[in-house]
Amino acid sequence: MLVIKNLTAEVDGKQILNGVDLTINDGEVHAIMGPNGAGKSTLSYVLAGRDGYEVTGGTATLDGVDILDMDPNERAAAGLFLAFQYPVEIPGVQMTNFLKTALNSQRKQRGESELEALDFLKLLKTKQKELGIADEMLKRPVNVGFSGGEKKRNEVLQIAMLQPKMAILDETDSGLDIDALKIVADGVNRMRGAGRSFLVITHYQRLLDYIVPDVVHVLAKGKIVKSGTAELAKELEKTGYADVA
Amino acid sequence: MTTETAIAKQVAELAHYEAGFVTDIESDIAPKGLNEDIIRFISAKKNEPEWMLDFRLKAFEHWKKMPEPQWAKIHHPPIDYQDAHYYAAPKPKLGSMDEVDPKLLETFEKLGVPMRERAALAGVAVDVVFDSVSVATTFKENLAEVGIIFCSISEAVKNHPELVKKYMGSVVPYHDNKHACLNSAVFTDGSFVYIPEGVRCPMELSTYFRINEMKTGQFERTLIIADKGAYVSYLEGCTAPMRDENQMHAAVVELIAHDDAEIKYSTVQNWYPGDEEGKGGIYNFVTKRGLCAGHRSKISWTQVETGSAITWKYPSCVLKGDDSQGEFYSVAITNNFQQADTGTKMIHMGARTKSRIIAKTISAGKSDSTYRGLVKILAGAEGARNYTQCDSLLIGDQCGAHTVPYIESKNPTAKLEHEATTSKISDDQLFYCQQRGLSEEEAVALIVNGFCREVMQNLPMEFAVEAQKLVSISLEGSVG
Ligand SMILES: Nc1ncnc2c1ncn2[C@@H]1O[C@H](COP(=O)(O)OP(=O)(O)O)[C@@H](O)[C@H]1O
Ligand SMILES: [Mg+2]
């Protein structure tokens with residue numbers, strides 16, 4: 001699915017990623033842990049193609065296709081999704097309209113027909129129910145006045161609607177209470193399976209009790225310094241990053 | 001290149017003016033120049049009664065001595081009034097839709113205004129003003145059944161002289177300002193609407209304006225009267241073909257609402273804005289004013305201004321009746337070298353009068369946009385209230401946006417609130433949208449439409465869709 005080789009990148013002329021190697025197979029869930037400032041968010045932005053995050057070396061492919069030359073929206077249409085650490089507010093743009101515009105933009109780019117209003121609403125209704133999202137939330141403008149929990153649940157709803165092949169979750173657990181965390185984890189677990197892989201970025205092991213990863217990596221100083229099973233996350237919880245980072 | 005300069009570049013390359021084509025219709029055109037003879041020619045062409053000609057001549061005499069308004073934040077070379085034609089008529093003049101030149105219908109098709117379908121399906125009566133003379137009017141009979149008069153102003157001068165005499169110039173006097181004065185002297189056509197007492201107009205009334213002759217000034221005159229307890233919603237939309245030379249457009253719109261009457265006036269303005277170097281484009285100098293003459297009357301202006309090289313326009317309300325209400329909802333988008341100085345005046349005269357102003361300004365490219373508003377509370381306006389909100393959105397760093405609110409209050413019981421914000425489309429917002437699959441252009445259009453939502457939702461449904469499309473078009477360009 002996602003293959004990253006010796007990826008280096010800089011921001012504002014400062015090298016942040018120092019040769020990241022990572023292979024995520026179809027249907028797998030990987031976790032990346034690491035201290036603050038390690039480059040976790042930078043990795044996710046580089047993969048998603050954010051302006052100002054300059055790739056200086058290495059490769060990244062999704063299902064064998066090089067994504068580093070694509071525009072951000074092309075990467076999205078190719079199946080890459082990034083759940084933001086800080087979801088962005090867009091005043092005046094209703095959630096429903098945003099979701100429909102996003103879904104149809106992706107479909108258009110893939111040469112698929114756009115979804116009719118009725119079919120779209122049906123799909124939305126189903127996904128919304130699964131995630132326990134109220135109609136009222138979808139009438140509000142994107143992320144405006146949303147609580148921390150609502151914002152993160154909204155990110156998961158977007159994964160459910162857009163059905164990406166590869167979803168990256170950047171600190172989706174931060175700022176969530178345990179109930180909200182469970183809802184988010186439930187949503188992700190329901191979408192696990194063939195055809196979809198996840199990369200879960202987190203600072204704490206707590207989330208990994210609910211989304212149990214197949215592989216855990218530690219990122220420090222812009223490199224993956226250690227990889228292991230879910231057990232590794234538990235060890236780190238006890239020892240901290242001091243030993244590995 | 002940062003995202004912001006990329007967008008600035010992208011909008012600067014906006015050459016996609018979709019309405020840029022010229023229809024070839026033989027026209028009956030007055031020689032260039034402005035003098036008494038020309039005014040007599042116009043009046044004669046229209047078979048006008050003596051009193052109408054007198055009104056024109058009086059205005060012309062005054063115009064010659066009048067200075068141009070200087071206070072707006074706009075710049076243009078002096079206007080050579082002698083270098084324009086003041087009358088052009090498509091011919092022949094037709095009575096019904098079926099007789100309309102197919103080329104004209106084609107033009108409307110290209111503009112996305114399939115008039116026939118529109119009229120039939122949407123229940124919109126379209127009084128088409130093409131160049132200066134009305135060529136087709138539909139639904140007149142249906143409206144006549146309930147006593148509504150909807151016709152061209154020329155027809156009204158002939159068939160309803162008592163109404164025209166009484167109301168024309170009663171809200172915008174001929175000497176109001178130089179542009180209105182010129183209009184009073186040379187206006188060629190426009191719409192006339194009269195809604196009798198207690199009648200709710202059963203459909204949206206709509207007029208599409210279009211400048212189509214080389215160097216023809218466009219001087220519409222619109223007069224709408226809602227008698228006691230009447231209601232009408234009027235839509236005005238316009239597009240103009242690509243032009244090299246500046247064309248002047250000086251329209252006058254007068255609205256009168258009697259006791260308990262309500263008039264809703266919506267505009268989508270899409271005149272040719274000029275090219276990306278600032279060459280060409282329409283000078284849009286418009287005087288629009290509504291008089292809430294009666295108690296509990298209401299006048300609401302909604303405008304989406306995306307076109308013209310220069311926009312000078314302040315749809316206003318004179319709140320004379322007690323408990324009358326005025327509203328102004330505005331979206332003004334400027335790009336490239338466009339200049340807009342637009343806003344409103346709310347004059348509170350009656351007791352407990354209320355006004356509400358929501359103005360959204362979007363500037364891109366090297367354009368410059370000013371919101372200019374006046375809220376004036378006269379001594380008798382006991383308990384008057386105003387709420388004003390002005391929001392500016394800047395795209396790129398080479399454009400300007402200014403907010404100039406004037407307040408004059410002569411009654412201490414009045415309550416006035418004013419809020420203003422200035423913001424930019426953030427890189428975060430753009431990236432968020434792009435990550436979800438939207439191209440940069442789509443993202444900008446979505447964010448801008450969100451910014452304008454409070455205004456857009458005041459437009460009638462079918463108009464709102466067009467207006468949103470227009471927002472996208474006016475901000476789109478080749479990416480790169
Ligand atoms: N936009 C930016 N400009 C300058 N430095 C940045 C920017 N984004 C991240 N960095 C720097 O890159 C490093 C990694 O940051 P980040 O990827 O956010 O780490 P993490 O998500 O692991 O906490 C930090 O030293 C941070 O200061
Ligand atoms: Mg981070």
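Modeller: Helices and strands here are DSSP runs numbered from the N terminus, a helix having at least four residues and a strand at least two. The model is predicted.

Biologist: In which loop is B:Ser308 found, and what is its relative accessible area?

Modeller: B:Ser308 sits in the loop between E14 and strand E15 (310–313) of chain B. Its phi is positive, about 70°, although the residue is not a glycine. Most residues other than glycine have a negative phi. Buried means under 20% relative accessible area, so B:Ser308 counts as buried, at 0%.

Biologist: Which residues does B:Glu305 touch, leaving out those up to four places away in sequence?

Modeller: B:Glu305 lies in strand E14 (residues 298–305) of chain B. With a relative accessible area of 3%, B:Glu305 is buried. Its contacts are B:Thr267, B:Gln269, B:Asn284, B:Thr311, B:Lys313, B:Val331, B:Ala332 and B:Ile333.

Biologist: How far apart in space are B:Glu305 and B:Ser426, C-alpha to C-alpha?

Modeller: Along the sequence, B:Glu305 and B:Ser426 are 121 residues apart. In space, the C-alpha separation of B:Glu305 and B:Ser426 is 24 Å.

Biologist: What separates the C-alpha atoms of B:Phe150 and B:Leu205?

Modeller: B:Phe150 belongs to strand E5 (residues 149–152) of chain B, and at 2% relative accessibility it counts as buried. B:Leu205 is 55 residues away along the chain. The C-alpha atoms of B:Phe150 and B:Leu205 are separated by 8.3 Å.

Biologist: Which residues of H10(B) are buried?

Modeller: Helix H10 (residues 427–435) of chain B has nine residues, seven of them buried, so the helix is largely enclosed by the rest of the structure. H10(B) is followed by B:Gly437, with a positive phi near 120°. The buried residues of H10(B) are B:Gln429, B:Leu430, B:Phe431, B:Tyr432, B:Cys433, B:Gln434 and B:Gln435.

Biologist: At what angle do the axes of H3(B) and H9(B) cross?

Modeller: Two packed helices are described by the angle and the distance between their axes. Helix H3 (residues 50–65) and helix H9 (residues 178–186) of chain B have axes that come within 7 Å. The crossing of H3(B) and H9(B) is left-handed. The angle is roughly 145°.

Biologist: How do the residues of the contact of H3(B) with H9(B) divide into nonpolar, polar and charged?

Modeller: H3(B) contributes B:Phe55, B:Arg56, B:Ala59, B:Phe60, B:His62 and B:Trp63. H9(B) contributes B:Lys178, B:Cys181, B:Leu182, B:Ser184, B:Ala185 and B:Val186. The residues of this contact divide into eight nonpolar, two polar and two charged.

Biologist: How many residues apart in sequence are the parts tied together by A:Ser41 and A:Gln85?

Modeller: The magnesium ion (ligand 2) is coordinated by A:Ser41 (OG) and A:Gln85 (OE1), at 2.1 to 2.7 Å. A:Ser41 is in helix H1 (residues 40–48) of chain A, and A:Gln85 is in the loop between strand E6 (80–83) and strand E7 (90–94) of chain A, so the pair ties together parts whose separation in sequence is 44 residues.

Biologist: Is A:Glu171 buried or exposed?

Modeller: A:Glu171 is in the loop between strand E9 (166–170) and helix H7 (178–191) of chain A. Its phi is near 45°, a positive value in a residue other than glycine. With a relative accessible area of 8%, A:Glu171 is buried.

Note on methods:
Residues numbered from 1 in each chain as written. Chains lettered and ligands numbered in written order. Predicted model: local features only at pLDDT ≥ 70, side-chain atom pairs only at ≥ 80, totals over all residues. Heavy atoms only, no water. Axes fitted to C-alpha atoms, helices over the stretch in contact; angles between N-to-C directions. Left-handed = near helix turned anticlockwise from the far one by under 90°. Contact = heavy atoms within 4.5 Å. Nonpolar A, V, L, I, M, F, W, Y, C, P; charged D, E, K, R; others polar. Donors = N, O, S within 2.8 Å, 3.2 Å for Na, K, Ca; no water. Buried < 20%, exposed > 50% of the residue type's maximum accessible area, 1.4 Å probe, protein only.
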